[in-house]
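Q: Please take a close look at one part of this model: the places where its pieces meet. Go through them step by step, in plain terms.

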Amino acid sequence: MTEEVVKITSRNFDVPQAHRLSVALERGAYQGLRKALTMKPDDIVAEVRKSKLRGHGGAGFPAGVKWGFVPKDTDKPKYLCVNADESEPGTCKDRLILQKDPHLLVEGIVITCFAIGIHTAYVYIRGEYHYPTRIFNDAIHEAREAGFLGKNILGSGFDLEVYTHPGAGMYICGEETGLIESLEGKKGWPRIKPPFPAVIGVFNCPTVVNNVETLSYVPSIIKNGADWFLKLGTPTSGGTALFSVSGHVKKPGVYELRTGTPLRTIIYDVAGGIRDDKKLKAVIPGGSSAPILTPDEIDVAMDFDSMMEIKSMLGSAGIIVIDEDASMVDVLFWLTRFYRHESCGQCTPCREGTEWLFKVASRIQVGRGRPGDLDLMLNLCDRIEARTICPLGAAAAMPTRAMIKKFRAEFEEAIQKAAATAA
Amino acid sequence: MPTITIDGKTMEVPAGIKIIEAARLAGIRIPHYCYHPGLSIAGSCRLCQVEIEERGRRRLDISCNIPVADGMIIYTDTDLVRDVRKGVLEFLLVNHPIDCPICDDAGECDLQNYYMEHGLYDSRFFEPKVHKHKVYDLGPTVVLDAERCVLCSRCVRFCAEISKTHELGIFGHGSYSELINYPGKALDNPYSQCVVDLCPVGALTSKDFRFKRRVWYLKTTPSVCPSCARGCSIEVHYDLNHVWKDPRARVHRLKPRYNPQVNDWWLCDRGRQNFRWVDANDRLISPRIKKNGAWGNVDWDTAIAELSSRLSKIIHEKGPDAVGIITSPKSSTEDVYVWRRLADDLKVSNRAAVFPDELKGEEDDLLRKADLNPNRYAVDLIGIEQKGSPGTAQEVLNKAVHGKIQALIVCHHDLSPYLQSSGGADALRNLELLVFIGCSDNPTQNGAHISLPTAAWVEREGTYINFRGWIQRFFLAVPPIGESMPEWKITERLAAKMGHPYKYTDISQVFQDAAKQIREMEDLSWSDIGPHGSRVQGAGKSDKPERQKSFDLAPTGCFVERVWQRKYF
């Protein structure tokens, strides 16, 4: 078990007072920054690209490649938006970074901004995260006092200001363009693409949007080199990932493991197995938007590409373990309820489709299912997925489809029971 | 110019245009709600999705946002695209009240039209519907039914981008999203009814028009707005057959007609409501002569003969300087031209059209002009007034008041506001002959000796030249009320009676004659003035950027087939 656990981003999680600059400095904070400031910005981008660092917000897009999309010869200011609007059900990793090791994130932000030539960074923090926001604000203050932020950082001539911006409680503001709209003070409606944020983002300027966890790996990559990082994980997704394990396991929590660690190992070894040693029924592997897995499928390696192969996704690595006691009909009800509530209402398929899915799912749940409901839901999923502005429609459709396909017998039983009661 | 292939048809299209516009050039109409060529791209209705093949990869994307690129292959009629349209329409209808029988937009509703085209399925929706505001008063002109709304956000974008008044927004989220005005801010701007034109469904209806007529009874004629010097292109919607509600009402609404040179897709509320007088009770319907202080209806021959003999007598006795003619900048170009020709032939020098203080309207950057006369430019061009001293009507009037003029012919004007300084309406009592020629009753008509009714602008053909020198034609929509006649015909008959036969049988002859005489109009031809008008020589350039003709989209949701494009132009 121990070989999977590699503490990079989580190395200070158990250290008392690690959010104070003095403690963080003792633990080696800002060493990566000192090294980065001696490097050429393009070399930093190349190093990160070489490390195969993937975006940990959910999409898994290579971070170095994303940085490369920002136009170099522009007169406009460039911005970095740090996505700390962590709202994916089953995911609670970014909060720990903000709360336990904020200086790691600040260091990651400074290195990233130095590499791309950005002088203003916004950290968009989920509105409910009052306490982490406070700690992070203190950390920014301390870092500025110590010369890690502000004008002429560590005498390098590089300037950077970091601002925090609290969200107002919408899941959709975690989508990068929804976040940008919200940051501009508008309703968090995702934008149509093209243009992409790298060209026209916040305040119509080139913008990089990265997840908190993604940026927190950057200091260690610079300090220890891309090869070291790449070797920790799989050849296509380097390093480690923070897995938030919740649900019916003995030891729920956030674990930093090498990417590619088998799901079975995570559930049975790292998280201690199923609660009360019951039978495993299903696993949601990467936040609620990821298609559900049956017990036969849990030997899969937890990295972006292996998960794609079995038509699920690593997503935000929020693992929700479901044991035999849970009813899939209930799970589907709660899942559709969430997406129906969080659909922003901008584009037609998602706005009306998520509502419809929820209404059918709740009917089945209360015992008023009708024959044909399951095929109807599958057809609705087809008509929502990939036809919307942002991925929220797909995030609602994919797990619904997987759940109905993999547990169809259970849903049919519920519908037949309803028919029998009605007769 | 990139070369693209749409549904197997390879063609060159202008660089930078969107696929939906390129498809229009190819004669393919892609269904859409949120897209409007005059507004920013929202991309939210998802109805206009097509399959796009680029570099061997085929994907589904919205055609309103993707610019054309060289080598692009576009499929607009595959199984997938048809399924997308069916899906979007089904989604839009699940929470729609489907109250078409009582919806004012039925017949010109894009939801209806597209469903008949692409939907046609049985409902699979058994759940209770989401309920929102019904019959919600948005402001003085528009009523909202939020349940019918498809949330295309065209109206929101219009208020943000065109009228720049920001009254509307979409509130709430998910399927409870609802279009409504911002708290305490009524939809009250000079262009508010444009949102009714933009609304593809029956969510926004005009207080002025709702429940007056079913739209499929309406017939359409292209015309020009007579309300200010902008001269916006409009359509006149009228109905002559279904009179059980209001027998007098023939014209029911005016809608903007796309014209990139003048008004784009828009029309102001004032112009939109400037048609009630056409069917109002104060229209003059018969030539009248006042005898012993009482009006008596006469036929045209009698009226013209009486006018001719009395006018000839005055000219014969006191010379042409005893006659004054005040024509109107509200009359058509041809009317003013025939008046000038007659005034020249009669050697009348006391002639004018414009009162100096007539700039009383509100003006803004979008459309509205302070000058409320549609044809001021033509008056200046034709030279009915003395060159170099426009606005001489007050001088002519003063001469009449001071007894230097014995006969005064007035077209359309109500003179009473200009007589206040000189003793009110009674100031003209001493005139030997006061002739009023116009559409509607007013105090000046009441004080006249002879009154001749003219046809309103929707009852005849003619042209207006707007403040930028754009000449546009308008057409006959409804027949002239009563015995009224186009103004040029009255003048022509009067001239013939007085010994100057012009022999015009048709308005086009008047126009061609005018074009021959007036240098600036010499390269204009009656049949060549197209739907967007033509530029008069020496006129200033349009203040609107030139747009491609292919973007000429009809106002949204209009049921009436635009056959007039062939019939009129």
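**Where the pieces meet**

A: In this predicted model, the centres of domain 1 of chain A and domain 2 of chain A, taken over C-alpha atoms, lie 27 Å apart. Domain 1 covers residues 21-232 and domain 2 covers 240-323, while a domain 3 takes in 328-422 of the chain. Where domains 1 and 2 of chain A touch, domain 1 contributes 20 residues and domain 2 contributes 19 residues.

The area buried between these two domains of chain A is about 1,500 Å². Carbon and sulfur atoms give 55% of that area.

Polar links also cross this boundary. Between domain 1 and domain 2 of chain A there are 10 residue pairs in polar contact, both residues being at pLDDT 80 or more. The rule for salt bridges finds 1 across the interface. R54(A) and D305(A) form a salt bridge, with their closest N and O atoms 3.4 Å apart. R54(A) falls within the bounds of domain 1 and D305(A) within those of domain 2.

On the domain 1 side of this contact, the elements giving two or more residues are α5 (93-100), α9 (212-224) and α10 (226-232) of chain A. That side divides into 8 nonpolar, 7 polar and 5 charged residues.

The next boundary is the one between the two chains. Here the contact takes 39 residues from chain B and 34 residues from chain A. About 2,900 Å² is buried between the chains, and carbon and sulfur atoms give 54% of it. On the chain B side, the residues that lose the most area to chain A are F91(B), R124(B) and H173(B), which together make up 25% of what that side buries.

Across the interface of chain B and chain A, 4 salt bridges are found. R383(A) and D83(B) form a salt bridge, and their closest N and O atoms are 2.9 Å apart.

Several elements of chain B supply at least two residues each to the side that touches chain A: β4 (57-62), α2 (79-94) and β8 (168-171). Helix α2(B) gives the most to that side, with 10 residues. By class, the chain B side has 21 nonpolar, 11 polar and 7 charged residues.

Note on methods
Residues numbered from 1 in each chain as written. Chains lettered and ligands numbered in written order. Predicted model: local features only at pLDDT ≥ 70, side-chain atom pairs only at ≥ 80, totals over all residues. Heavy atoms only, no water. Domains from an automatic or database assignment. Contact = heavy atoms within 4.5 Å. Buried area = accessible area lost by both parts, 1.4 Å probe. Salt bridge = Lys/Arg side-chain N within 4 Å of Asp/Glu carboxyl O. Polar contact = N/O pair within 3.5 Å; in protein donor to acceptor, adjacent residues only side chain to side chain. Helix = DSSP H or I, 4+ residues; strand = E, 2+ residues; numbered from the N terminus. Nonpolar A, V, L, I, M, F, W, Y, C, P; charged D, E, K, R; others polar.
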